[in-house]
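Have the viewer open as you read.

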Amino acid sequence: MTGTAADRVLTPLRSRLIETLAGRSDEVPAWILRLEEGEDAGFFGPGSASWAVHGGMPTLVAGVRALLLQALHPGALAGVRDFSRYREDPLGRLAGTIQWIHTVTFGSRDQAVAGSEMVRSLHRRVTGTFVDGHGVTRPYSANDPELARWVHLAFTDAFLTAHEQWGGELPGGADGYVDEWATAAELMGVEDAPRTASALRGEIDAITDAGELRGGPEVEEIVRFIRRAPLRRMLRPSYRILFRAAVSTLEPRHRALLGLPSTPVERMLPLHSATGAVLSGARVLLGPQTQAELAARRRLARLAGA
């Protein structure tokens, strides 16, 4: 394929992918450009596990997996169902989540704190009632420690698992990432977050064993929406692979609660390879580093030369 022919194919694909992740493709969002500002290296920095994980393409699988696992907590699901505009503006919600992740990961400490406070302020209005895994009606608030903790656990496990499957070397290993990202939990009001991979996964197991998670029609409705996310037509074949990859990494009992079939063993290797190919293609389209990381590196270069 000639360069011109390749550009005709890749340019619109790149544009649609950036639009999906950032909300628009015609310019770098202002919040990313602001990451050049600030007077410190942030909570993490180059060489950290958080930079490695959140700057990698396995996040495309991790985001889907996190949504699926988070939906199993009926309190978290109630907040999404009652207040989220995920049906009317799903990509806007995705872009907002990415903004928080990248601000905490690549921003200065002040930016990370301010970004988390903004999210928590938005959560203050997210209140209501839900039926828990034991059939008891309970009140909820998005900032409740229990719900915030589950969101953190599901997020951290999803991003760690996806990176372990399709990412490169992880500085400090799995424990290094879990320990670092506990900082984000603290910024979101979660106290004493797990600091090791075994503690993280042990806590998820304990919550599952205690019957706190629940499946059912409302969960399956969310799953159907995630499975058939309203993406541009040219992105749908790749997304189908990413969705299947995310499901394949879930525990069988979580897949059962979600109403999803187990992935046959004989299909795991082809799926793993296909996912790797999709992620490699995404890296070609988006470049070796995210725009947020590049902005952070410009900030660090400025500080080093000051």
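Predicted model: local features only at pLDDT ≥ 70, side-chain atom pairs only at ≥ 80, totals over all residues.

Two packed helices are described by the angle between their axes and the distance between the axes. Here are those values for both pairs:

| Helix pair | Axes come within | Crossing angle |
|---|---|---|
| H8 (residues 145–166) and H10 (residues 197–209) | 10 Å | roughly 125° |
| H4 (residues 59–70) and H12 (residues 236–248) | 8 Å | roughly 55° |

Angles from 65 to 115 degrees would count as roughly perpendicular and those over 145 as roughly antiparallel, so H8 and H10 are oblique to each other. Their crossing is left-handed. On the H8 side the contact includes Arg149, Trp150 and Asp157, and on the H10 side it includes Leu200, Arg201 and Glu203. The residues of this contact divide into 7 nonpolar, 2 polar and 5 charged.

H4 is likewise oblique to H12, and passes H12 in a right-handed crossing. Leu60, Val61, Val64, Arg65 and Leu68 of H4 meet residues of H12 including Tyr239, Phe243 and Val247. The contact of H4 with H12 holds 10 nonpolar residues, no polar ones and 1 charged.

Which residues of the largest nonpolar core touch the most other members? They are Leu68, Trp150, Tyr177 and Phe243, in a core of 73 residues. H8 gives the most to this core, with 9 residues. Beyond its neighbours within four places in sequence, Leu68 is in contact with Val223, Ile226, Phe243, Val247, Leu250 and Leu258. Another core, of 6 residues, lies apart from the largest one, and Ala78, Val126, Phe130 and Ala142 are among its members.

How values were computed. Residues numbered from 1 in each chain as written. Heavy atoms only, no water. Axes fitted to C-alpha atoms, helices over the stretch in contact; angles between N-to-C directions. Helix = DSSP H or I, 4+ residues; strand = E, 2+ residues; numbered from the N terminus. Parallel < 35°, antiparallel > 145°, perpendicular 65-115°, else oblique. Left-handed = near helix turned anticlockwise from the far one by under 90°. Contact = heavy atoms within 4.5 Å. Nonpolar A, V, L, I, M, F, W, Y, C, P; charged D, E, K, R; others polar. Core = buried A, V, L, I, M, F, W, Y, C linked by side-chain atoms within 4.5 Å. Buried < 20%, exposed > 50% of the residue type's maximum accessible area, 1.4 Å probe, protein only.
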